[in-house]
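Here is a friendly walk through one protein chain.

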Amino acid sequence: MKVTAFIGSARKKHTYNTTELLLQKLRLLGDIEYEIVQLSDYNLGTCKGCILCMNKGEELCPLKDDRDKLIEKIIDSDGVIFASPNYSFQVSGFMKIFLDRLGFIFHRPRFFGKAFTSIVAQGIYGGNNIVKYFNFIGGGFGFNVVKGCCINSLEPMTEKGRKKIDKIIDKQSKRFYSTLIKKEYPTPSLFELMLFRMARTSKKIMLNENFRDYTYCMENGWFESDYYYPVKLSVFKKLAGKFFDIVGTRITGSR
């Protein structure tokens, strides 16, 4: 299996070293090949907000950079890690530019069955909110999300601090590996089902074949399916899905 880690730090220090530690621990658990991608080594333009990627297709983006190379790395991976230092209580600039370049995937999620987790390295405070942000990003992209972790890397690093990090990463590696080898398509929660059904209903009513979101839904059969991928829903969730379709139709139709 292949795991790719995308690192939002130009330094090979705490974020990089912690990510590499996680990857090494994964290799001890099974047959894992990994790659570390430092975003600072790639050409990524800053999104201009033209929304061509949303409306007409990502291939029409006027920015000619390395975005598609990085997407291909995700496609070729069984598992993905996003790692960032805590800069001004958010992800680093490199990581944010990268995520902005992938914004259209929230409209057209595609990484189903792939495991995802995250690492945030910080000095003192705020990293747990960034972990929550990464968890949200991963779910929006379609990944099977393993809750990320936050490590404190305040310098000078003590032996006690190093042992604590090792313990956190050891636990993280086992949880991530468990999800990685399953390659499951999990049953959606009621909230996830609601988001899917109402979003696809609004697209069906408000858009047409001139919009990429509409044609993407058609190509994937989402206008007729229970969810993004084949899944067995309980009787209750089947009924809930139909209810969400009705609510979505009424809300969209009233606009």
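Let's begin in the loop between β3 and α4, where S88 has its place. (Helices, H or I of at least four residues, and strands, E of at least two, are DSSP runs numbered from the N terminus.) Keep in mind that this is a predicted model: local features need pLDDT of at least 70, side-chain atom pairs count only at pLDDT 80 or more, and totals for chains, interfaces and linings use all residues. Residues are numbered from 1 along each chain as its sequence is written, and side-chain values use heavy atoms, with hydrogens and water left out.

Most residues other than glycine have a negative phi, and most peptide bonds are trans. S88 is not a glycine, yet its phi is positive. F89, also placed in the loop between β3 and α4, has a positive phi too. Here are the two, with exposure in terms of relative accessible area (buried is under 20%, exposed over 50%, partly exposed in between, with a 1.4 Å probe and protein chains only).

| Residue | Phi | Relative accessible area |
|---|---|---|
| S88 | about 55° | 72%, exposed |
| F89 | near 65° | 56%, exposed |

The peptide bond leading from E155 to P156 is cis, its omega being near 0°.

Now find β1, residues 2-7. Six of its six residues are buried, so the strand is largely enclosed by the rest of the structure. In a regular strand the side chains alternate between the two faces of the sheet. In β1, K2, T4 and F6 point one way, while V3, A5 and I7 point the other way.

Which strands sit alongside? Strands count as paired if DSSP finds at least two bridges between them. β1 pairs with β2 (residues 33-38) in the parallel sense over six bridges, and A5 stands opposite I36 there. To get from β1 to β2, the chain passes through helix α1 (residues 14-29), making a right-handed β-α-β crossover. (Right-handed means that, with the strands pointing away from the viewer, the path from the first strand over the helix to the second runs clockwise.) β1 also runs parallel to β3, joined by five bridges, and V3 has G79 as its bridge partner in β3.

**The nonpolar cores**

In soluble globular proteins, nonpolar side chains tend to be buried together. A nonpolar core here is a set of buried Ala, Val, Leu, Ile, Met, Phe, Trp, Tyr and Cys residues joined through side-chain atoms within 4.5 Å. The largest one has 27 residues, and those touching the most other members are F6, I74, F82, M95, F98, F134 and F141. Two or more residues each come from α3 (67-75), β3 (79-85), α4 (93-101), β4 (115-122) and α5 (127-141). The largest share, five residues, belongs to α5. Apart from this core lies another, of 23 residues, including I7, L22, L26 and C149.

What does M95 touch, leaving out residues up to four places away in sequence? With contact meaning heavy atoms within 4.5 Å, the list is F6, I7, G8, L39, F82, A83, S84 and F134.

**A link across the sequence**

Last stop: K56, in the loop between α2 (52-55) and α3. K56 is partly exposed, at 39% relative accessible area. K56 and R212 are 156 residues apart in sequence, but 5.0 Å apart in space, C-alpha to C-alpha. Setting aside neighbours within four places in sequence, K56 is in contact with N210 and R212. A polar atom of the K56 side chain lies 3.0 Å from the backbone oxygen of N210.

Notes:
Polar contact = N/O pair within 3.5 Å; in protein donor to acceptor, adjacent residues only side chain to side chain.
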